[in-house]
Amino acid sequence: MDDLGDLVDVTTLAVALISVGGALGGTLGGAALSQRASRAQAAEQNRRADREREEERAEQALQAKRDLYAHLNTAARAYRVAARDAVEAAEHGESVDPALLDAAKEAWAEQYSQAQMALANDVLRIASALNRSLGVGYSVVKQLPISPRLDVAHLRAKRWFGGPLSDGVYLFRVALRHDLGVEVDPHFEQTRMQMLAALDSARDGLAHALAAERAQAT
C-alpha cells in the first residue's frame, strides 16, 4: 500500500508540475506573442509617421512652388502692363510717374532672381527669354523721348507690348502651369519652341532698331 501511495503522490506531483509548467509556458508564450505584436504595431506606426512626414514635406514643397509661380506670373504681367500704360500715357501727352514702372521692374527682378535657383531648365529658358524681352520693353519706354518719329515709336511700342511681349507672358504662364501639372498639353513642347523662337526673333529685331535709333540720336 505504501508503494501505491508513493506512486499516487509522484503522479499527482508530476501532474501538478505539468500543469504549472503549461500555465507558465502559456503565460511566457503569450507574453512573447504580445511583445512581437507590440513591436510590429510600433514599426507600422513609425512607417506611417514617416510616410505622413514625407507627404507633408512634399505638399509644403509643392505649395512653395505654387506660390513662387504665382508671384512670378503676377510680377511679369504687372511689369508689362506698367510699361504699356507708360507708352499709352506718353502717346496722349499725359504725365506718368516713372516710379511705377521702376517699381514693377524691381519686383520682377526680385522674383526672377529667386526663380533662377528653383525653375526647371525648360521653364528657366522661357523665363530668361521673357526677362530679356521685358528689359527691351523697358528700353522702349525710356527711349521714347529721343525718338525722331514719335508716331512711329508709339506704334512700334504698342505692337511690342500687345503682340510678342504679351505672347511671351502668356507662354510663361502656360509653362508654369504645365510644370505644375495643372495644364497638360501633349503638343506643348512644339508650341513652346515655336513661340519662344518668335519671341526671340521679335525681341532681337526690336533691340536692333532701338540701338540704331540711339546711334542716330547721338
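The model is predicted: local features need pLDDT of at least 70, side-chain atom pairs count only at pLDDT 80 or more, and totals for chains, interfaces and linings use all residues. Residues are numbered from 1 along each chain as its sequence is written, and side-chain values use heavy atoms, with hydrogens and water left out.

**Overall make-up**

The protein chain has six helices and zero strands. Helices here are DSSP runs of H or I with at least four residues, strands are runs of E with at least two, and both are numbered from the N terminus. From that end, the order of elements is α-α-α-α-α-α. The chain holds 218 residues, and 27% of them are buried. Buried means under 20% relative accessible area, exposed means over 50%, and partly exposed lies in between (1.4 Å probe, protein chains only). Contact means heavy atoms within 4.5 Å. Among contacts with a separation of 6 or more, 78% come from residues 24 or more positions apart.

**Nonpolar core**

A nonpolar core is a set of buried Ala, Val, Leu, Ile, Met, Phe, Trp, Tyr and Cys residues joined through side-chain atoms within 4.5 Å. The largest one has 43 residues. Its members that touch the most other members are L72, W108, L119, L130, F161 and F172. At least two core residues come from each of helix 1 (2-91), helix 2 (98-115), helix 3 (121-143), helix 4 (150-162), helix 5 (164-180) and helix 6 (188-217).

F161 has a list of partners beyond its neighbours within four places in sequence. They are R80, A83, R84, V87, G137, V140, V141 and S166.

**Largest pocket**

A pocket is an open set of points with protein on both sides within 12 Å along at least five of seven lines, where a 1.4 Å probe fits; lining residues have an atom within 4 Å of a point. Grid points are joined across faces, edges and corners, and a volume is the space filled by probe spheres set on the points.

The largest pocket has a volume of about 290 Å³. Its lining counts 15 residues, with A86, A90, V96, L101 and V141 nearest the centre. Helices 1, 2, 3 and 4 each supply at least two lining residues. Helix 1 gives the most, with four. By class, the lining has 11 nonpolar, one polar and three charged residues. Ala, Val, Leu, Ile, Met, Phe, Trp, Tyr, Cys and Pro count as nonpolar, Asp, Glu, Lys and Arg as charged, and the others, Gly among them, as polar.

**Buried polar and charged side chains**

Q111 lies in helix 2. Its relative accessibility is 14%, so Q111 counts as buried. Beyond residues up to four places away in sequence, Q111 touches L68, H71, L72 and A75.

N73 sits in helix 1. N73 is also buried, at 14% relative accessibility. With residues up to four places away left out, N73 touches R173 and L176.

R203 belongs to helix 6. Its relative accessible area is 6%, so R203 is buried. Leaving aside neighbours within four places, R203 contacts A129, R132, S133, V136 and W160. R203 and G135 are 68 residues apart in sequence, yet their C-alpha atoms are 9.8 Å apart in space.

**Salt bridges**

A salt bridge is a side-chain nitrogen of Lys or Arg within 4 Å of a carboxyl oxygen of Asp or Glu. The count comes to eight. The table gives three of these pairs.

| E91 | K158 | 3.0 Å |

E213 in helix 6 and R156 in helix 4 link distant parts of the chain, 57 residues apart. E213 is buried, at 10% relative accessibility. Salt bridges that share partners also join D200, R203 and D204 into one network.

The side chains of E91 and K158 meet at 3.0 Å, N to O. This pair also links distant parts of the chain: E91 is in helix 1 and K158 in helix 4, 67 residues apart. E91 is partly exposed at 33% relative accessible area, and K158 is partly exposed at 37%.

D151 is partly exposed at 46% relative accessibility.

Technical notes. On a 1 Å grid over the protein atoms alone, a cavity is a set of points where a 1.4 Å probe fits but cannot get out, and a pocket is an open set with protein on both sides within 12 Å along at least five of seven lines; lining residues have an atom within 4 Å of a point.
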